[in-house]
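Let's take a walk through this fold together. Have the viewer open and follow along.

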Amino acid sequence: MTPGPVTLGLRGAALVLAAAGLGHTLWRGVHDPGHALAFGALITLGELTRWGALPGEREPAPLGAAGALAYALLGRSGGQPTSHGALQVVAVLAAAQLVASVPQLARGDGPGADRVARRLLTVAFAAVCFQPLYNAGRSERWFGDGPYYAAFLLLLLGLTALCDAVLAAFLQRARTRPPGPRGGQAPAPYGPLLRDELRALTGIGSAVCATGAVMALGVAAAGLWALPVLCVPLLLTQLSYRRFAAVRTTYRQTIASLARSTEIAGYTPHGHARRVAELCTAVGREMGLSGPELTVLEYAALMHDIGQLSLVDPVPDGATALLPAAEQRRIALLGGAVVRQTGVDAKVAVVVERQADPYREQPLSARIVRAVNAYDDLSGERLSGPLGALEQLRLGTGHDYQPQVVESLARVLARGGLTPVPPG
């Protein structure tokens, strides 16, 4: 996908900032070269730990991020004041990322341009907020060296995390922007993406910010000897997180394989479960569901048709939306019973069981699954098509489909284009 103007603007700003930092540092010389070398090595090591990162991992190099933030917020070292400024922070970060990118690019798994630009802009924001105040002596006059100073650092880290979330949401919006219904580019909603990024701050983001603050305070009190000691907890956290993420990925792959059993057995068209799951996730995000809620919704959407395996005669084309209401509920209950036997989260089974109930009696996830499944079933019919399927869903909002879900589905489809369902 060709980068949009927002992406190009952010990349250009990061490139100009990196060039300014490197040029200024080369012209004026490196202040406190020992500290620049130590933090540069730490950031490089942290960037190299992105090897083995799983696809979609929010922060594949937390040690590098924490080290960069610590250097941006470093005022003292071993009780003695430092003299580096914001531009030197940018220069050290840019140089460290360049050094780390050489072996990464050789292996074909280097960081993307968007992630590098985001890191540079975020760390530059923290450095610009802190270094001028410290070098002018204002931070010490205002906050001293005690708890108020630590609170000041935490406040800056909070603002930096917010800045990072805003940038991440902008870049995500530009990356996932699909073609509009007339071949143009219709922007994805920014609000749900920003909410996702803000929710993610409670995970690895909070660990990175906390470690950055502790590093800055530890070096201020004990000198550079504090760095290796303070790196260990974050490295262990990163290792544990990757093991957890690997297990979760395997878990999802198992569910997706189980969901395909209806396709292999000839009960549902090829790709139906995958299409419903992708569209349900987009609609759920449009309606503001949180990360765990989206996970439950995705798993339920993948397995929503598994009850058809209990039928003697397959439903024509697997289109349960065309069946009588009583038969839809019977298949849904059979599917919920199967899901409960697989050991999947009971919340997933509840969504599968209740997907055929009247929408006023359903949880939101079940309402989404029902509407999206009906859309995929009906849009596969030659007489309906995508636009006809949406119209039938709107006609059924009195009893079967929640109006807000149908309109959210319509907005998602409008951004992606109302294209026919791929042939099975």
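**Starting from one valine**

Val405 touches Val283, Met287, Leu364, Arg367, Ile368 and Ala371, leaving out residues up to four places away in sequence; a contact here means heavy atoms within 4.5 Å. Before going further, note that this is a predicted model, where local features need pLDDT of at least 70, side-chain atom pairs count only at pLDDT 80 or more, and totals for chains, interfaces and linings use all residues. Residues are numbered from 1 along each chain as its sequence is written, and side-chain values use heavy atoms, with hydrogens and water left out.

Back to Val405: you'll find it in helix H17 (residues 403–416), helices being DSSP runs (H or I, at least four residues) numbered from the N terminus. Val405 counts as buried because its relative accessibility is 1%, and the cut-offs are under 20% relative accessible area for buried, over 50% for exposed and partly exposed in between (1.4 Å probe, protein chains only).

Now for the largest nonpolar core, which has 53 residues, and where Phe39, Leu73 and Phe130 touch the most other members. Such a core is a set of buried Ala, Val, Leu, Ile, Met, Phe, Trp, Tyr and Cys residues joined through side-chain atoms within 4.5 Å. Several helices supply at least two residues each, among them H1 (5–28), H5 (113–135) and H9 (226–259). Look at Phe130: beyond its neighbours within four places in sequence, it contacts Ala72, Leu73, Leu74, Gly75, Tyr149, Phe152, Leu153 and Leu156. There's also a second, separate core of 43 residues, including Tyr375, Val406, Val412 and Leu413.

Helix H5 also holds Thr122, which is buried because its relative accessible area is 6%. Apart from residues up to four places away in sequence, Thr122 touches Thr160, Asp164 and Leu167.

What about cysteines? Cys209 counts as buried because its relative accessibility is 16%, and Cys280 is buried too, at 0%. Searching the whole structure for disulfides turns up zero, the test being a pair of cysteine sulfur atoms within 2.5 Å.

Finally, turn to Leu198 in helix H8, which counts as partly exposed because its relative accessible area is 36%.
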